[in-house]
Amino acid sequence: MSQPEPASASEQTEASSVSRILSDLRRENGWTLAEVSKRTGVSISALSKIENGQSQPAYSVLTRLSGGLGLDFADLLEGKAARPSFARAARAITRKGEGRHLENDMGAYRMLSTELADKALTPMVIDIPPRDDNTTPARSTHSGEEFVYVLTGDVIFEMSPYAPVLLAEGDTVYFDAASEHGFYAVGPGNARILSICYSGSGDAPDQFTVSS
């Protein structure tokens, strides 16, 4: 039987940050694991493994933790106590190749515009691998809405209760992120998508003004 590969340095850092934040919040507020589970919808056993560094939380778990504990998603990943909040005239520039990198069973993520907290939108570039027939398909559910634009390659988009659909380069999909969903590339290599999630944590613009 083959042995599991050790976690990468980035995965260990991510798990350590989430573990520390979860432990600190519980201690500061006097919360039990059962209380955190009630707030976030994450099971007690999963919370215990995360806090003890035995498990790397999936994207859907991270979104539940950030929403239930009142944390910005990027703050949770980076272990930062505070960053400039989104306000009028705020801006954030992410250069090519920059951003917060993380990996989970869905793919390799590059989080964009992580300098600002309390954002309504979470933009990400995700490299989606082909499906491994020997593993359970990766699935995600999280609050809010999601928009996806296929940058390169072809991907299969699966969302309950719809039939799987092929999305080619340049295609888009906008959907309710609370419905179970997932992507996989039509191999042999990875596909790349731009994903923008609206969490409702900030004030989404209700109109756009175009000036000439």
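Predicted model: local features only at pLDDT ≥ 70, side-chain atom pairs only at ≥ 80, totals over all residues.
Which strand does Leu166 lie in? I looked, and Leu166 lies in strand 6. More on that residue below; my notes on the whole chain go in before it.

**Entry 1: the model overall**

The pLDDT of the chain averages 79, and 79% of the residues score at least 70. Confidence is highest in strand 6 (residues 165-167), at 97, and lowest in helix 5 (residues 73-78), at a mean of 67. I also noted residues 1-15, where the pLDDT is below 50; beyond near neighbours in sequence, that stretch has 11 contacts in the model. Residues 201-212 are below 50 as well, and there I find 9 contacts beyond near neighbours in sequence.

**Entry 2: the order of things**

I count 5 helices and 9 strands in the chain.

**Entry 3: helix 2 and helix 4**

I picked helix 2 (residues 33-40) and helix 4 (residues 59-69) and looked at how they meet. Their axes come within 8 Å and cross at roughly 100°. Angles of 65 to 115 degrees count as roughly perpendicular, and therefore helix 2 and helix 4 are roughly perpendicular to each other.

Which residues of the two helices meet? From helix 2 I wrote down Val36, Arg39 and Thr40; from helix 4, Arg64, Leu65, Gly68 and Leu69. Sorted by class, this contact has 3 nonpolar, 2 polar and 2 charged residues.

Next I checked burial along helix 2, and found Leu33, Val36, Ser37 and Thr40 buried. Why do they sit on the same side of helix 2? They cover an arc of only 105° around the axis, which puts them there together.

Not counting residues up to four places away in sequence, Leu166 touches Asp154, Val155, Ile156, Asp171 and Val186. I also looked up Tyr184, which is 18 residues from Leu166 along the chain; their C-alpha atoms are separated by 9.8 Å.

**Entry 4: Asp127**

Asp127 has its place in strand 3 (residues 121-128). I made the 18-residue check here too: the C-alpha atoms of Asp127 and Tyr109 are separated by 6.6 Å. Leaving aside neighbours within four places in sequence, I see Asp127 in contact with Gly107, Ala108, Asn190, Ala191 and Arg192. Is Asp127 buried or partly exposed? Its relative accessible area is 22%, so Asp127 is partly exposed; the cut-off for buried is under 20%.

**Entry 5: Ser179**

Where is Ser179? I found Ser179 in the loop between strand 7 (172-176) and strand 8 (181-185). At 19% relative accessibility, Ser179 counts as buried, because the limit is under 20%. Leaving aside neighbours within four places in sequence, Ser179 is in contact with Ser140, Thr141, Met159 and Ser160.

Notes: Residues numbered from 1 in each chain as written. Heavy atoms only, no water. pLDDT = per-residue confidence, 0-100. Helix = DSSP H or I, 4+ residues; strand = E, 2+ residues; numbered from the N terminus. Contact = heavy atoms within 4.5 Å. Axes fitted to C-alpha atoms, helices over the stretch in contact; angles between N-to-C directions. Parallel < 35°, antiparallel > 145°, perpendicular 65-115°, else oblique. Nonpolar A, V, L, I, M, F, W, Y, C, P; charged D, E, K, R; others polar. Buried < 20%, exposed > 50% of the residue type's maximum accessible area, 1.4 Å probe, protein only. Arc of directions from axis to C-beta.
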